[in-house]
Amino acid sequence: MIKLKIFDERKQLKISKIIALIFSGILLLWFTFDITGLKCGNTKIVTSAFVDEPIDFAFYLIFVVSIVCFMLIDKIGKYVLSVFLLLWGIFQFTAYFKSGESIAAYNKMFADTHHIVAISNDRLVKDTYHIFLDIFIFLALVSAITFLVIKIISIKKKSKTTEK
């Protein structure tokens, strides 16, 4: 039977999980703007995924399920969220290694969105939305993996204590 449990009794695990949930929540909020679109005045931050990339909605739902698993199903949720964020991070990171036509295609697709750093034809410079997305993925991933490591260490310590 699956045990639903949001927080462990141990303070370090509880704090670590709260931090992971906060960063995952920030990432979820930011990713929600990809679904809805976001404009500040005349400045477009991101176009709605329903216009540009409808597959992002499926990805969004998987992310929500991963967060819910992390919150409620302690035994597998920590792995589900960590693996999801790791794969997402790898996918986003590899975009920085585009060249030639791939850079031109990226620049064309996001030409009407806000850029903190000017567009380049020589190397990929992501728009504002994607720069923050990468930062939030990184923070959520680090916090989820930190929780995972603390949890594994805690389980090993607990099993050594019960063996004695």
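User: Why is Glu53 called partly exposed?

Analyst: Its relative accessible area is 29%. Buried means under 20%, exposed means over 50%, and partly exposed is what lies in between, using a 1.4 Å probe and protein chains only. So Glu53, at 29%, belongs in the middle class. Mind that this is a predicted model: local features need pLDDT of at least 70, side-chain atom pairs count only at pLDDT 80 or more, and totals for chains, interfaces and linings use all residues. Residues are numbered from 1 along each chain as its sequence is written, and side-chain values use heavy atoms, with hydrogens and water left out.

User: Where does Glu53 sit, and what does Glu53 touch?

Analyst: Glu53 is in the loop between helix H2 (49-52) and H3. Leaving aside residues up to four places away in sequence, Glu53 touches Met109 and Phe110; contact here means heavy atoms within 4.5 Å. Ser82 is another story: 29 residues along the chain from Glu53, with 24 Å between the C-alpha atoms.

User: What makes Ile55 exposed or buried?

Analyst: Ile55 has 63% relative accessibility, so the residue counts as exposed. Ile55 is part of helix H3.

User: How many helices and strands does the protein chain have, and what makes a stretch count as one?

Analyst: There are 6 helices and 2 strands. Both are DSSP runs, numbered from the N terminus: a helix is H or I over at least four residues, a strand is E over at least two. Along the sequence that reads α-β-β-α-α-α-α-α. The chain has 164 residues, 39% of them buried, and the C-alpha atoms fill a box of roughly 65 × 30 × 25 Å along the principal axes.

User: How do you know how helices H3 and H4 are packed?

Analyst: Two packed helices are described by the angle between their axes and the distance between the axes. For H3 (residues 55-72) and H4 (residues 74-94), the axes come within 6 Å and cross at roughly 145 degrees. Those axes are lines fitted to C-alpha atoms, for helices over the stretch in contact, and the angles run from 0 to 180 degrees between N-to-C directions.

User: Which residues make that contact, and how do they divide by type?

Analyst: On the H3 side they include Phe59, Ile62, Phe63 and Leu72, and on the H4 side Leu81, Phe84 and Trp88 are among them. The contact divides into 12 nonpolar, 2 polar and 2 charged residues. Here Ala, Val, Leu, Ile, Met, Phe, Trp, Tyr, Cys and Pro count as nonpolar, Asp, Glu, Lys and Arg as charged, and the others, Gly among them, as polar.

User: What puts the buried residues of H5 on one side of that helix?

Analyst: The buried residues of H5 (residues 101-109) are Ile103, Tyr106 and Asn107. They cover an arc of only 95 degrees around the axis, so they sit on the same side of H5. That arc is taken from the directions running from the helix axis to the C-beta atoms. Exposed Glu101 and Lys108 are on the face turned away from the buried side.

User: How many disulfides are there, and what would count as one?

Analyst: The count comes to 0. A disulfide has to be a pair of cysteine sulfur atoms within 2.5 Å. As for individual cysteines, Cys69 counts as buried at 14% relative accessibility, whereas Cys40, at 48%, is partly exposed.
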